[in-house]
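Welcome, and take a moment to look at the chain from a few angles. The report below walks through its spaces, its overall build and one of its sheets.

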Amino acid sequence: MIHNPILRGFNPDPSIIRVGDDYYLATSTFEWFPGVQIHHSRDLKNWRLLTRPLNRVSQLDLRGVGASQGVWAPCLTYDNGIYYLVYTVVTAFYCNMYDTHNYIVTATDIMGPWSEPTEISGFGFDPSLFHDTDGRKYMVMMVTDHRVPKKYAGRLIVQEYDPVQKRMIGNFHEVYQAKDIFLEGPHIFKHNDWYYLFCADTGTGEDHGQSMLRSRHVFGPYEMDKPDFHCRTNETEAYSLLTSRHSPNHPLQKAGHADLMQTQTGDWYIVHLCGRPLAQRNPADAPRFAGSRRYMLGRETALQKVCWTEDGWLRLANGTNVPDEMLPDTGLSECSWPVLPEKDDFSNPKLDIRWQFLRVPLSSTDYSLTDHPGRLCLYGGNGLGSHFKQSFIAQRLTETTAEIETLVDFHPCYFKQMAGLILYYDNDNYLYLHLTYDEDLGKVITLLKAENKRYTSPFGYIPVPANTPILMKLSLKQGYASFNWSAGDIWHTLGVPLDASFLSDEACNEGWFTGTMVGLCCQDLSGGRKRAEFMSFQMRV
């Protein structure tokens with residue numbers, strides 16, 4: 001059986017293609033660098049992280065962007081030997097006028113090198129490239145409305161794209177507008193001479209879904225599919241062929257934002273985002289999403305089988321519009337990948353592909369794997385509130401029950417110098433277990449909790465041996481975190497377990513599109529660039 005989600009942890013807005021027997025699946029990375037995750041499979045069951053194509057600052061410079069901004073909703077396509085990647089870089093959001101810059105890059109090999117980006121129309125965001133059967137190409141995207149009051153909830157436009165001139169040509173055509181039903185994340189497909197608009201509907205929260213429209217012409221007019229699942233509760237509700245909004249106890253919530261593809265054996269599947277909720281909820285008086293369930297892992301990617309009806313619409317193969325948590329194997333020859341080791345001993349001259357940087361890459365003056373072979377050296381940089389560059393690497397938390405350890409050799413001599421292990425959602429929300437220095441106690445271990453800019457030190461400052469590497473352990477159980485440290489054979493517990501579920505899409509006040517990351521970092525706010533040496537990292541789930 002195939003177990004959903006197929007990509008666990010922060011992997012939203014999936015876009016999928018098949019090239020021969022290979023499947024490539026791209027997901028959003030927001031403020032994390034390199035940009036866009038591309039996973040690879042040959043059976044739709046076993047996936048490996050293959051590459052991140054936006055890996056040069058000349059392609060992607062995220063200095064200064066806010067939480068949950070950056071790279072949104074990549075669209076990966078393939079035509080005549082060329083891979084195309086279209087994406088949005090958001091630099092201003094949660095304001096009246098969004099700044100949403102749309103780009104396209106190309107490559108002849110999925111592993112690159114990928115071209116320098118060409119900027120295309122900035123009407124809105126979520127651009128998607130469609131390759132028609134006559135060789136012409138079109139871009140579809142959503143349009144935002146900054147006017148007060150807004151005239152519509154959502155609009156979609158289609159415009160032709162010239163790959164030779166690398167620009168949009170001709171007039172754009174408005175193909176959808178509505179005051180109530182909000183559509184985004186559009187893709188165009190062609191099947192049996194119909195053009196289909198495949199769109200995410202109703203935001204990205206628990207009301208999320210996937211809608212479908214069709215036309216005989218790429219520029220419309222489009223009619224909306226209206227599947228009768230006996231579950232629409234009002235006239236403004238979207239006609240979703242996929243949603244979890246009426247199934248609150250289903251393990252896969254937020255189902256929507258899907259992409260479609262056909263296997264080499266003729267079967268049809270969609271990939272879509274989803275989320276696995278914790279039992280913990282926001283307070284009833286929370287400023288946003290009061291009482292909402294929390295999603296610590298962010299939005300993930302799932303797979304569903306679909307089929308065409310006699311009258312030419314898509315339906316889930318299970319006969320409902322509710323996603324399957326488990327579904328039968330695809331029948332494709334199984335192809336598993338080597339299991340990645342739980343423990344990273346930093347013995348390679350390059351970082352493991354699972355690690356990412358925050359906003360921009362670190363240079364050789366910020367970190368090294370060769371200064372002291374077998375150790376990751378991080379040279380102290382900016383504080384955790386910086387939107388520019390930090391001495392920080394992180395990878396995705398994939399389950400809400402996990403055990404994470406690191407061994408760090410760090411000798412601070414001032415309280416402005418810190419290094420350790422972090423559970424991180426964004427600049428304002430994290431749990432940071434770290435070593436630092438206290439004038440009265442010497443070298444100490446402490447926990448800094450940041451929750452929407454409210455800072456606390458739940459366990460105070462605990463003296464540790466001055467000249468010994470310290471082993472740190474963070475244990476998660478359904479979103480509750482406990483903290484331990486050791487300088488040898490004896491483990492010491494810090495206080496009582498804390499509720500870490502505030503590291504969640506719904507609980508963070510600024511950003512709510514990413515997911516919890518597990519990181520290693522070092523700060524030196526004195527400017528002295530004090531070095532921390534991480535001797536190992538391990539995450540068991």
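How many nonpolar, polar and charged residues does the lining of the largest pocket have? By class, this lining has 16 nonpolar, 8 polar and 8 charged residues. Here Ala, Val, Leu, Ile, Met, Phe, Trp, Tyr, Cys and Pro count as nonpolar, Asp, Glu, Lys and Arg as charged, and the others, Gly among them, as polar.

A word on the basis: this is a predicted model, where local features need pLDDT of at least 70, side-chain atom pairs count only at pLDDT 80 or more, and totals for chains, interfaces and linings use all residues. Residues are numbered from 1 along each chain as its sequence is written, and side-chain values use heavy atoms, with hydrogens and water left out.

**Pocket and cavity**

On a 1 Å grid over the protein atoms alone, a cavity is a set of points where a 1.4 Å probe fits but cannot get out, while a pocket is an open set with protein on both sides within 12 Å along at least five of seven lines; lining residues have an atom within 4 Å of a point. Grid points are joined across faces, edges and corners, and a volume is the space filled by probe spheres set on the points. The count comes to 1 cavity of 30 Å³ or more.

| Space | Volume |
|---|---|
| Largest pocket | about 1200 Å³ |
| Largest cavity | about 50 Å³ |

The 13 residues lining the largest cavity include Ala 73, Pro 74, Gly 185, His 187 and His 257, the closest to its centre. For the largest pocket, strand S6 (48-51) gives the most to the lining, with 3 residues.

**The whole chain**

The chain has 0 helices and 40 strands, where helices (H or I, at least four residues) and strands (E, at least two) are DSSP runs numbered from the N terminus. Of its 541 residues, 60% count as buried, meaning under 20% relative accessible area (1.4 Å probe, protein chains only). The C-alpha atoms fill a box of roughly 75 × 55 × 50 Å along the principal axes.

Four strands form an open sheet in the order S7-S8-S9-S10, with antiparallel pairing; two strands pair if DSSP finds at least two bridges between them. S7 (70-79) and S10 (118-120) stand at the edges with a single partner strand each, so one side of each lacks a neighbour in the sheet. Strand S9 (residues 99-107) is joined to S10 by 3 bridges, and Asn 102 stands opposite Ile 120 in S10.

Notes. Buried means under 20% relative accessible area, exposed over 50%, partly exposed in between (1.4 Å probe, protein chains only).
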